[in-house]
Each structure stands twice: as C-alpha cells, then as structure tokens.
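Please open the structure in your viewer and keep the selection tool at hand. The tour goes from one stop to the next.

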Amino acid sequence: IYLIERETARERGNTAGEVGEEEAGSQQRSLMWGSIPEGKNASELFPAVVKNVASKNIEIKKLVYVYLVRYAEEQQDLALLSISTFQRALKDPNQLIRASALRVLSSIRVPIIVPIMMLAIKEASADLSPYVRKNAAHAIQKLYSLDPEQKEMLIEVIEKLLKDKSTLVAGSVVMAFEEVCPDRIDLIHKNYRKLCNLLVDVEEWGQVVIIHMLTRYARTQFVSPWKEDDGLEDNEKNFYESDDEQKEKTDQRKKPYTMDPDHRLLIRNTKPLLQSRNAAVVMAVAQLYWHISPKSEVGIISKSLVRLLRSNREVQYIVLQNIATMSIQRKGMFEPYLKSFYVRSTDPTMIKTLKLEILTNLANEANISTLLREFQTYVKSQDKQFAAATIQTIGRCATNISEVTDTCLNGLVCLLSNRDEIVVAESVVVIKKLLQMQPAQHGEIIKHMAKLLDSITVPVARASILWLIGENCERVPKIAPDVLRKMAKSFTSEDDLVKLQILNLGAKLYLTNSRQTKLLTQYILNLGKYDQNYDIRDRTRFIRQLIVPNEKSGALSKYAKKIFLAQKPAPLLESPFKDRDHFQLGTLSHTLNTKATGYLELSNWPEVAPDPSVRNVEVIELAKEWTPAGKAKKENPAKKFYSESEEEEDSSDSSSDSGEVYNSLKKLCSLQLICYASNNTVRPST
Amino acid sequence: MSASAVFILDVKGKPLISRNYKGDVAMSEIEHFMPLLMQREEEGALAPLLSHGRVHFLWIKHSNLYLVATTLKNANASLVYSFLYKTVEVFSEYFKELEEESIRDNFVIVYELLDELMDFGFPQTTDSKILQEYITQQGNKLETGKSRVPPTVTNAVSWRSEGIKYKKNEVFIDVIESVNLLVNANGSVLLSEIVGTIKLKVFLSGMPELRLGLNDRVLFELTGLSGSKNKSVELEDVKFHQCVRLSRFDNDRTISFIPPDGDFELMSYRLSTQVKPLIWIESVIEKFSHSRVEIMVKAKGQFKKQSVANGVEISVPVPSDADSPRFKTSVGSAKYVPEKNVVIWSIKSFPGGKEYLMRAHFGLPSVEKEEVEGRPPIGVKFEIPYFTVSGIQVRYMKIIEKSGYQALPWVRYITQSGDYQLRTS
C-alpha cells in the first residue's frame, strides 16, 4: 500500500511538497504536510516527527498523532520515545487532549506497551468527562485485539463502564462488550433497563450496536411471545395438517402467557427509532421486532422497511434481501406494499432480481393475475438477464399457485415464439420443469418444442428439449426417432451438455422402440466412445453395457428399462431465501448466507424464563437514573429535556395507548423491587 | 461488528488512500478487489458485497471512486453501507465534490477525517457540521497557537455549538414534495406516491427551542381539531433528523427540536394516497419498419389553474437507429438527444388545466438491426412552486430562546417530479 501510494503521490511529486511548504510556513508543519501524502518518510523522518508530539499547537499535535498511528508498527523502538508524552497528555486538563492521547496510545500496535495501555484505560474509565470514558471503551477493544490475555482485566473495566449513565459511553461500551466478552450476558442484567431507557438519546451508530446486543439478550432471558399466537402461524400450514390435529396442538399450548415487563420495555422503547434517518438504525429495529416481538406486532416494521427502498442502492440491496427472507415466512406483512416492489427500468439488475424474488414470495390467488400482467412487461425488458429471471419467476408462481398453472404454461408457450433467443431458451427450461411436475398429456407442447430444436442454439435449452422428448418418447412415437436421427447427424458439433442428453434419448428409444432406432443408437454410441470429453465416453460405456445385451452384461441389463424410464421426482422450485432466517437479519452472515467469522448465534427462546429479578437495581439507584444528578437543576431547556423527558414519557405514555396493562405490571414490578431491597437479598453492587 | 479498514480507490482500482482501523486484515487484500469486481461484472452477478477467502469487501461507487470497507467478521451490513454513504456526504461537504482530484488535493484532511469518522471500526462523529468545527480546511489559514477546543463533541446536544450569534434571527422553511409515479402502457396507475421533505435554513442565536406545527391528521384528531374547515394530511412513515425528540413525537405528535446551525433536512415523509397525476401524458408511437417512426405526445396539466409548472421536460424514447428528426410542437421546443435515444420536449411554463401537443417524425434505416429493442418509459420532469400535492401546510413555527428575541419564520412550498415514469406500449 505504501508503495502504491508513493507512486500516486509522486505523480504530483514535488509540487505537493512545495505547496505545503509555502502555505504552512512553520517548519514543523511543512514536514507534516509534505510527508504524509507522499508516504516516503516512514523511516527517515520518524524521529523528527515524534519530537513534535510535545508541541503546544493542537493542530500539529493532531497531525503527529495521525502520523504516529500510521507508522508506529514499523518503528516500534522509536515509537516508544513518544510514550512518555502521551502519559503526560493523559493528565492534561483539556478533556479532548486526554481523549485523543488515549486514542492514539491505544492505536499504537506495539506489544511492549500493553501494561501502560491497561493502566491508562483503567484511569480513563474513571475520568470525569464522558468523552474520555467513551474513548476508554474503544481502547478496550484495541487492547484486546493486541493481547487477548488481558481479557479478565478488561472485563472488569467493561463491567464498570456498563454502569455509566452517559449516552456518549453507552454505544461504545456495548461495542466493546460484543467484541471482548459477548457471552458474559450476566453483565447486562443490571444495566438492561438503563440501556433501554437511554436508547433513544444515544448517537445513531451506538443505537445499532445496542439494539443488536439487546436482541440477543432478549432471546436468552425472556420466554417466547410467539406461543400465544402460534395459531396464526399454523394457519399457513393448514394445507398440510388436518384441522383437528391443529386444534389439539393449540389447546395444549394455550398456557396463560404474559410478557415480561422488561421485554415490553425494550419493544416499546425501540419503536420511535423506526423513524430514524439512519438506515442502519431502522434495519436494526426491524430485526429486533422480527426476532423478539410478538407476531402480531411485527407488522409495523414493514412500512419503515419499504421506506428504506428509496435510499441508496446498496442499502436497498440489503433491505430487499431481508424483506425476501421475511416475506417467505409471513406474506401478509408486505402484501399491502406489493406495488412498491414493482421493478423500475432504472434499477440495477441485482435489485431487479431481488424484487422479483419478493414478488414471487408475495404472490397468491388474489393478486396473481395483476402480477402476471406485470411480469409480461418485464419479459419485454432490454435487460436480458432480468427477462430470463422473470421467466423463472413465472415458473415458480405457476407451481406455487395451482389455479394459474395452465395460464402460465400457455404464456410460456407463447414466449417460445419470441425473437430473442435467451428468452426462448429460458422458457424451454421452465416449461420442462413445469411439465415434469404435471405428468398429464402435453403432447402438443412437446411437439412444438421438438420443432424448436432446429432453430434454437442455447445448449441448456436444447438439452432440456431432448430430455423432455426422451422422457415422453412413448407419447410422441413418431417424432422421437426423427429427432434422434437429426441429432445423430449433428452429434459431433454439439455442446457436451447436449451430447449427454442425446445419449440418454438414444438409450430410452432403444429400450422402447428398438426396431426403428437400434442402428441409430449404435451409431451414436460409437461416436460417443471416441469423444474428447471423458464424461461422455464414460456415459457411453455405461449405457452400452446396460442396454445392449451381451454375454458379459450382468443382471442389471434386465432392469435397464426400469432404470431409464423410472418415474422421476419433479424438481422443487424453491426460493433461495428459504432457509436464511436462521441468521440474525441485517448481519453480514445473512447477506452471505454463510456463517461469517465472529457470528453470534441467536439462541432459541428459553423454555422457562430465567429469574427476572436479576435485572432489578436498588431502588435508590433506579430513581437516580431517571433524573441524572447535576442536570435536573439547570434551567436550560435544552439539557433539561433529555433528563426529564424519560419521566414524562413513562408516566404519560402508559396512560395513553396499550400501556395500561404495562403500567399495572410495572407497579407490581416496582413493588417487588422494594420487597427485594428490604429482604436484603440484593447482590451488593460492585 | 464493523469495518476493519476503509479504502478509497480510483476507477482502475488503485488505492488512493486507506486507513487501517483494526489491523486484522492484511492491507494487501485490496489487490483482490478489482479483479473480483471485474469478474463478477462479466458474469453479470455484480453485488455490493464481494468475498475473497475470508475477507469481505463492502463497496460503493461514487463518481470516479470506489469506497471499499473490508471486514473479516460478521459485520452489520446495513451499518457499513450507511457509514460509507455518510463518509461520502462528509467528504462532499468538505471538498464540494468528491472525486479523485479532490482526494489527491486533500490527503491530509482525508486522513484526519478518516481518523475522526471511525475508531477501531466503530463510527464516531459523522456530522459534518461538527467535524468542520475542528478539522479546518487546509486552505483556511490556521490560527497558530490558539488551541481552541470545540465543546460540541462532548455535549449532550452534539449537533449545535453554543454561543452562535446572528444580528437578524430568521428561519427558512422549504417544503419540497416530489411525486413518484409509475403508469403502465394502457394508462392505469401502478404506483403513485409523494415523498416530501422539510428543509430548514436556520439563522438563530443561542440555543433556541423550536416547535413545528403541521396540519397532521393524527395530531388534529388528538387535539379534537378535526373540523371540516381544517384540511389535514395523514403523514405516513415520517423520518426525522436526529435533533428531533422522537419520544415526544411518539407521544403527542409534537415536532420539537433544537436545530443545528445552517442548512439541514428536518424531516421527510411519504404519502401513498392516490392523487391525480399532475402531468398526464398520452402517447402514440407508431413504428413503420424500414421507413419511419411517428410520435404523437399529448401532455395535460392536471393541477389547479392558478399554479404553473416550470421547467417541464418530457423525454420520449425513440429507436436507437432513428435519423432525420422533425418536430412540431404547440408550445415549447423539442430536441433530439441521440446519445440517450430520446426526444426531449421542454416547456418553460405550463399552467394548470392546459393541454399541449407535440409531434415528431423520424426516419428509419431500411436495414434493420438484429436485436429487438425494449420500450423504455416516457419520463417527465417538472417543478411547481407555491403548491404541495398533499396539501400539507406549516401552521406555525414557535421559536423559544431564553434571551427572548423575536425571530421570523419564512415558508416556501415546491412540488417537483421524482421518479415519474409512464410506460409505452
């Protein structure tokens, strides 16, 4: 990288240095301006630059910091020279300098200074300024990646910082928690309610991290809210299960379920964030709802997700993928927004195919006719890849919704006379699959396709047609041998894929109609025997042994007919998003559909909820939390708002919407709290 | 959780600048990015996420640059993309335009910014207003010795710094609605929606507390104002700038906030209520193979007579091998743009209720090309000032500051075309 950078910089070369010099004026700065972009000072200028770390000028100091972080690894010994300056800076009265000193110190990846870093982090975590504490939280992760052996000590610091009540710190410390000790869920208990309440005011990137962590937390600590309305879900399975069975099931399950108030708190407090301008936050809330809220409430996220479709295309890509996964399980959620997924000619191909995927998932008896009309427009699209994908989609709709299978099939047959080859080829492949699923009489279509064989050149389509004819050779007794004759002529010039199917066709015809095709098949087998491709030679040898009876052939050839003309199971046209829902939505793993390193499993709901009282905090502390000290007294409306709105919200909200139940539950909970405190069973706070 | 390193590459995939945040991905991995991208592009399976072994590249393209984040771990994909776009936004604010040249000219600032935007893979301060306070432009003469430290980063209100002063206290409110429309070939509306944004330009001293009142239906119902004479609008999925108190809005639909200084987008909303398409297009495109194409387009303004649409541009697709254009228009002028294969008919002002006509004639070569062309849709661009389709109105803007000054709010409404497409048969 340095090399490349040097090259690019050298093009502008000296001019950059000169300009920098003129402008900067002072000696030190010219050093900085000129050197960093050129990247060549890695060795020779290091000592000179490091000296400047003690500079009083904050601008220069910052540049030296940037420089240090970049080159320290190569110049470990020299970097150590600067350490003492940082240690001094850590005690600077200015919070910003303290913070950046800590930041740079922790960014220098030199193993010798681990103890110094550890000390600095410990000190900073008790700093008065929340900004410095935030940086301490970041430093934790850095130190952990440098030296994992410090884990135990770091966890202590994390535990301490988790108790912090500043919104600035919350996001960073949760981030550190996720990196260092994601399995220590017990550290979260006491801070759970605080985090929920702070959430709205945390900066947006922090919100994302916290929401993801809380999702995992909720999955381990609360019982599943899905039981109560499992009936809903079962309705979708109705086709497979008899009603009686189902009733029995739901009866069994109908235990009284009440949601843990803390569970409710989380769901309620994240709801306003659906209105955030940051796509990542909205996505995070959406996945939280998807994974932990009762099924009846998930619906509210669909609107926000649909809104995200108007943002940048990469974001669209991620959102559409997630919607695709959701729409498989719960069609109803996105059905009202069907039209939002209509493809626009300006969409890039990847977006188009995802939208198609979703449209397919949403298709049902009611809307299929509208959808098919829409698909017709797509097939005419200039984007051939997209047109082909549309045809696949039509095929899938046809299999999923039995009412329209015939309509779709007719439509596809019409497409066979399309002028574009790719469209025709794709239609052939899809028709093949459809016909396979319906072993009814479709002689006409097969005849039509046999005619196509003269004109179409795409190998997959040719192979499909041949296979289809072979499979139905008894239904088209006149055409099949003729097709074989033609193919025998062009055998040598065909694609490997087609050759294999010719061999298959020959074998099947030999078995059913050996009088007419015996010689033809033998001719083809001879050609196959000397083919360049070993797969084809292999297949030829196999088929010959099987169908041509001779003294060496064993018992198998008796069953040749059974082997070749067995009833084949129809292929299942399935969504590629079918099994993706076991990954937490919105994560990289979900997008890749494989487990990425460091993926944290979402655990299943526990059968019995763990003791909810672990989340209780001593009453006194609870009160403090809602009116942070020092802020409440100030008359400045700006600051006041954040501290008191929580209170307002808590009291007013509960009276308004569905909060009544919650309110009483909460009262109960706080009663329990007080009992708890008086029983002296509370764990002493560390 | 997030990116290990961020690269900025030029069009050819050569790294211009990079910042390694975590050091767990070798910096040379980026060399695999471009070949991978090319390969996927050829296969036609381009995706914003590419993987090489264990390393994943999440990338976006901006003008002639690629911004790539690499990660080994299970990152939050939407967070990374949001961050990359945020980075583009910040850089664009600094350099006006983000492109190769501006990166080369501003290496130092880019380094500083990358350093501030993210720490160890976790996004930090990403508000360009705040960043501008302490990462000053190279062009600006840096006042030497004066170590001013911006307090904003550490504030609870991170988007506004204290001690702002203006002689005249004013707020400008722009309500901009854009209409997205999709009509299919036989004239039925497939999709019609309004995406509105409210933009503010704030020149206010001190720490003012603002409250914005809209004719929001839910609010009217809450306060019992929903009489017959008050027209109200039902806002759907509203999204706010971070300064708006979401919890407050959730409770009683009050939009209250302490604004950042200068320009910003306060909120955006969406309405999917059916409205009559503002400009309706009827078109007949007749293609006589081997000889000519005849196009007839009728445009009708379906909005109030008092309003006028400005800068109307109707682009009608023509076959790519068309030649010798001839036009006749009842108003405005038509122009053939061969590189886009469209005729653009522009009308400077288009009053509501009027109907205009354009005819175009093209020759076609006698030799036809082989591939069949699809039919791209007709697109329309326009802008209607002093008018909102949804009927949204700013009822009041209350400005409260502890010094008690008087401030003036100014409101302006504009409706414009968004993604406005009419498919042709």
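Which residues of chain A form a nonpolar patch on the surface? Select A:Leu556, A:Tyr559 and A:Ile563: together they have about 300 Å² of accessible area. Keep in mind throughout that this is a predicted model. A:Ile563 sits in helix α31, residues 560-564 of chain A. With a relative accessible area of 39%, A:Ile563 is partly exposed.

Select A:Phe341, B:Leu212, B:Phe257 and B:Met267, which touch the most other members of the largest nonpolar core, a set of 303 residues. Around B:Phe257, show its contacts beyond four places in sequence, including B:Leu200, B:Pro208, B:Cys243, B:Phe264 and B:Met397. Another core, of 17 residues, lies apart from the largest one; among its members are B:Ala5, B:Leu36, B:Phe57 and B:Leu72. In soluble globular proteins, nonpolar side chains tend to be buried together.

Now select B:Asn20, in strand β2 (residues 15-20) of chain B. B:Asn20 counts as buried because its relative accessibility is 18%, and the cut-off is under 20%. Leaving aside neighbours within four places in sequence, B:Asn20 is in contact with B:Ser4, B:Ala5, B:Val25 and B:Met27, and also with A:Arg109.

Salt bridges come next. The structure holds 35 of them over all chains. Select B:Asp119 and A:Arg103, whose side chains meet in a salt bridge at 3.7 Å, N to O. B:Asp119 is in strand β6 (residues 118-119) of chain B and A:Arg103 in helix α6 (residues 95-107) of chain A, so this pair joins two chains. B:Asp119 is buried at 4% relative accessibility, and A:Arg103 is buried at 8%.

Move to A:Glu179 and B:Lys22, a salt bridge with its closest N and O atoms 3.6 Å apart. This pair also crosses between chains, from helix α10 (residues 167-180) of chain A to the loop between β2 and α1 (33-43) of chain B.

Within chain A, select A:Asp347 and A:Lys355, where the closest N and O atoms of the salt bridge are 2.9 Å apart. Then select A:Arg103 again with A:Lys142, B:Arg19, B:Asp115, B:Glu116 and B:Asp119: salt bridges that share partners join these residues into one network.

The last stop is B:Gln302, in the loop between β15 (292-301) and β16 (308-317) of chain B.

Definitions and conventions. Residues numbered from 1 in each chain as written. Chains lettered and ligands numbered in written order. Predicted model: local features only at pLDDT ≥ 70, side-chain atom pairs only at ≥ 80, totals over all residues. Heavy atoms only, no water. Core = buried A, V, L, I, M, F, W, Y, C linked by side-chain atoms within 4.5 Å. Buried < 20%, exposed > 50% of the residue type's maximum accessible area, 1.4 Å probe, protein only. Contact = heavy atoms within 4.5 Å. Helix = DSSP H or I, 4+ residues; strand = E, 2+ residues; numbered from the N terminus. Patch = residues over 30% accessible without salt bridge, like charges linked within 9 Å, V, L, I, M, F, W, Y side chains within 5 Å. Areas by Shrake-Rupley, 256 points an atom, 1.4 Å probe, with all protein chains shown as cover. Salt bridge = Lys/Arg side-chain N within 4 Å of Asp/Glu carboxyl O.
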